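Hello,

Here is the structure we talked about. Please open it alongside this note, and my findings follow below.

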Amino acid sequence: MATTTAMTNNLEAELLNTTLRGTARTATGGATLYIALMSNVSSDSALAENASGSGYTSRIAMTATTSQCFGVGGAAGTAATAGSAGLSNCNAVSFTATGAITIAGIAICTSATLSATASTDTSILYYGDITGGSVTLGNGQTITFAANNITVTLD
């Protein structure tokens, strides 16, 4: 007997729509979404968020209603389907540091509260690294994730 662990394309689309757009079911969908700045995103067990400081004292709120934060190709009105590769942010997300901070990746969350134990934080929906490697910001420097640059797909 063969066993498969892969999700079907339909199930992947439904999961992304539910958690990031608040459609279909509302287990987590419909909640305000936040971006967490992570110091480690190498694995579930090593997941770590930057500590409070350098202007980073709460997660960065997305600037639209949940159903408009993510869409196919960054289009707010477009939900994931079995044929789409994933969902992307519809609006730019920015953070300006007031001291030195190194960002290895980001996480999409349903809570604004920083987590000292990110590996067990149930508000984290998805996480990943920054393309090209970690980014270190100095006082007054800004990192901006342009619209359509945060893409969420399931591995």
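A residue is called buried when its relative accessible area is under 20%. Arg59 has 4% relative accessibility, so Arg59 counts as buried. Please keep in mind that this is a predicted model.

**The salt bridges**

How many salt bridges does a search of the whole structure find? The search finds two. In one of them, the side chains of Glu49 and Arg59 meet, at 2.8 Å from N to O. Glu49 sits in strand β2, residues 48-49. Arg59 sits in the loop between β2 and β3 (60-61). The two are ten residues apart, and the pair links distant parts of the chain. Both ends are covered: Glu49 is buried, and Arg59 is buried too.

Asp121 also forms a salt bridge with Arg59. Here the closest N and O atoms are 2.7 Å apart. Asp121 lies in the loop between β8 and β9, whereas Arg59 lies in the loop between β2 and β3, so this pair ties together parts that are 62 residues apart in sequence. Asp121 has 17% relative accessibility, so Asp121 counts as buried.

**Ser111**

Ser111 is in the loop between β8 and β9. Its relative accessibility is 23%, so Ser111 counts as partly exposed. What does Ser111 contact, leaving aside its neighbours within four places in sequence? The contacts are Tyr34, Arg59 and Ser123. Ser111 and Leu11 are 100 residues apart along the chain, and their C-alpha atoms are separated by 25 Å.

**Helix α1**

Leu11 belongs to helix α1, residues 9-21. The helix has 13 residues. At 1.5 Å a residue they should span 18 Å, and the end C-alpha atoms are 17 Å apart, which agrees. After α1 comes Gly22, with a positive phi near 75°.

Which residues of α1 are buried? They are Glu12, Ala13, Leu16, Asn17, Thr18, Thr19, Leu20 and Arg21. The buried residues of the helix pack against several elements: α2 (66-69), β4 (70-71), β5 (87-89), β8, β9 and β12 (151-152).

Leu11 has 43% relative accessibility, so Leu11 counts as partly exposed. Together with Met7 and Leu15, Leu11 forms a nonpolar patch on the surface. The accessible area of the three together is about 250 Å².

Is strand β8 mostly covered or uncovered? Strand β8 (residues 105-109) is mostly covered, with five of its five residues buried. Gly105, Ala107 and Cys109 are buried on one side. Ile106 and Ile108 are buried on the other.

Two strands pair with β8:

- Strand β1 (residues 34-40) pairs with β8 in the antiparallel sense, over five bridges. Ala36 has Ala107 in β8 as its bridge partner.
- Strand β9 (residues 124-129) pairs with β8 in the antiparallel sense, also over five bridges. Gly128 in β9 stands opposite Ile106.

**Strand β6**

Which face of strand β6 is covered, and which is uncovered? In β6 (residues 93-96), Val93 and Phe95 make up the covered face. Ser94 and Thr96 make up the uncovered one. Strand β11 (residues 142-145) pairs with β6 over four bridges, in the antiparallel sense. Ser94 has Thr144 in β11 opposite.

**The three-stranded sheet**

There is an open sheet of three strands, in the order β4-β5-β12, with antiparallel pairing. Its edge strands are β4 and β12, and each pairs on one side only. β5 and β12 run antiparallel and are joined by two bridges. The bridge partner of Leu87 in β12 is Val152. β4, β5 and β12 are also among the elements that the buried residues of α1 pack against.

**Where to look**

Best wishes

Notes. Residues are numbered from 1 along each chain as its sequence is written. This is a predicted model: local features need pLDDT of at least 70, side-chain atom pairs count only at pLDDT 80 or more; totals for chains, interfaces and linings use all residues. Side-chain values use heavy atoms; hydrogens and water are left out. Patches are made of residues with over 30% relative accessible area and no salt bridge: like charges are joined within 9 Å, nonpolar side chains (Val, Leu, Ile, Met, Phe, Trp, Tyr) within 5 Å. Accessible areas come from the Shrake-Rupley method with a 1.4 Å probe; for residues, only the protein chains shown count as cover. A salt bridge is a side-chain nitrogen of Lys or Arg within 4 Å of a carboxyl oxygen of Asp or Glu. Buried means under 20% relative accessible area, exposed over 50%, partly exposed in between (1.4 Å probe, protein chains only). Two strands pair if DSSP finds at least two bridges between them. The expected span of a helix is 1.5 Å times one less than its number of residues. Contact means heavy atoms within 4.5 Å.
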